[in-house]
Amino acid sequence: MSGASGTPYAAAVLRALLAAGESVDLVVSRASRLTILDETGIAFRDAHWQEDLRQWLGRGADGKPGTFEVPVDDVRYWAAGDLAAGPSSGSYATKGMLIVPASTACVAGVALGLSKDLLQRSASVTLKEGRRLVVCVRETPLNGQTLKHMVTLDEAGAIVLPASPAFYAGATHIQDLVDFVAGRTLDAAGVPHRLYRRWEGELGSGSAPRGD
Ligand SMILES: Cc1cc2nc3c(=O)[nH]c(=O)nc-3n(C[C@H](O)[C@H](O)[C@H](O)COP(=O)(O)O)c2cc1C
């Protein structure tokens with residue numbers, strides 16, 4: 001997670017990855033802690049990440065305590081300043097990396113190969129190892145620099161996936177829009193999920209009641 005707005009996207013992706021039985025290496029940038037604090041009220045800290053993650057992901061879409069039991073044993077948390085952490089090396093086995101949400105600063109850093117923290121270093125490693133990197137950019141409007149950085153990432157093999165919800169999947173709540181972006185992110189990573197209703201070639205189906 002980098003420091004763009006979009007904590008709900010990250011929460012939906014994390015819940016779905018864990019529900020799909022994936023183990024997750026989690027890196028939260030320094031700036032991301034500010035967005036988590038701003039958007040959830042949780043002061044996320046390295047020292048008590050398990051408690052913070054349980055509190056955050058365990059909430060329902062309405063922000064109240066929910067029913068999701070967070071399998072913290074399936075999460076390996078790495079401090080963003082720890083450049084000796086596992087994911088900083090290509091020899092550390094991962095299937096790929098999702099940056100959700102991605103700030104424009106993060107997009108720039110990864111495009112330029114800055115590796116200023118573990119998040120950016122892990123993304124560079126993911127690219128150099130030829131693994132899947134999905135970058136869920138959250139900013140609007142976009143300036144020319146960011147657009148160029150996004151082209152650079154695309155050329156380097158990353159999937160640039162703007163946090164851009166669609167309305168054809170029958171969204172009636174904000175969480176449906178969040179789940180659409182999270183679901184498209186998981187699609188790009190090849191992780192199965194049931195987060196949104198897929199387009200099936202029938203105009204008007206977006207206004208029909210959801211069947212699931
Ligand atoms: C509350 C808050 C919301 C922010 N939202 C965005 C955003 O949506 N997109 C963005 O590119 N930067 C956003 N920023 C700015 C980034 O946090 C800032 O550029 C930071 O340097 C990113 O660092 P990182 O990529 O290492 O996480 C936001 C900052 C704060 C404090």
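Which strand does P101 lie in?

## Backbone features

In this predicted model, P101 lies in strand β3, which covers residues 96–102. The peptide bond that joins V100 and P101 is cis, with an omega of about -10 degrees. A cis peptide bond also joins T140 and P141, where omega is again about -10 degrees, and P141 is placed in the loop between β4 (132–137) and α6 (144–155).

A further backbone feature concerns S115, whose phi is near 50 degrees, a positive value in a residue other than glycine. S115 belongs to the loop between α4 and α5. As background to these features, most residues other than glycine have a negative phi, and most peptide bonds are trans.

## Packing of α4 against α5

Two packed helices are described by the angle between their axes and the distance between the axes. For helix α4 (residues 104–112) and helix α5 (residues 118–128), the axes come within 9 Å and cross at roughly 45 degrees. Because of that angle, α4 counts as oblique to α5, and the crossing in which α4 passes α5 is right-handed.

On the α4 side, the contact is made by A105, C106, G109 and V110, while α5 contributes L119, Q120, A123 and L127. Sorted by class, this contact of α4 with α5 has six nonpolar residues and two polar ones, with no charged residues.

## Packing of α1 against α7

How closely do the axes of helix α1 and helix α7 come, and at roughly what angle do they cross? The axes of α1 (residues 7–19) and α7 (residues 174–189) come within 9 Å, and they cross at roughly 55 degrees. That angle makes α1 oblique to α7, and the crossing of these helices, α1 and α7, is right-handed.

The residues of α1 that make the contact are P8, Y9, A12, V13, A16 and L17, and those of α7 are Q175, L177, V178, D179, V181, A182, T185 and L186. By class, the contact of α1 with α7 is made up of 11 nonpolar, two polar and one charged residues.

## Surroundings of the ligand

There are 15 residues around the ligand, of which G3, S29, S103, K116 and R138 come nearest. For S29, a polar side-chain atom lies 2.6 Å from an oxygen atom of the ligand.

Note on methods:
Residues are numbered from 1 along each chain as its sequence is written. This is a predicted model: local features need pLDDT of at least 70, side-chain atom pairs count only at pLDDT 80 or more; totals for chains, interfaces and linings use all residues. Side-chain values use heavy atoms; hydrogens and water are left out. Axes are lines fitted to C-alpha atoms, for helices over the stretch in contact, and angles run from 0 to 180 degrees between N-to-C directions. Helices (H or I, at least four residues) and strands (E, at least two) are DSSP runs, numbered from the N terminus. Angles under 35 degrees count as roughly parallel, over 145 as roughly antiparallel, 65 to 115 as roughly perpendicular and the rest as oblique. A crossing is left-handed if the near helix is turned anticlockwise from the far one by less than a right angle, and right-handed if clockwise. Contact means heavy atoms within 4.5 Å. Ala, Val, Leu, Ile, Met, Phe, Trp, Tyr, Cys and Pro count as nonpolar, Asp, Glu, Lys and Arg as charged, and the others, Gly among them, as polar. A residue is near a molecule or strand if one of its heavy atoms lies within 4 Å of it. A polar contact is a pair of N or O atoms within 3.5 Å; within protein, one must be able to donate a hydrogen and the other to accept it, and residues adjacent in sequence count only if both atoms are side-chain atoms.
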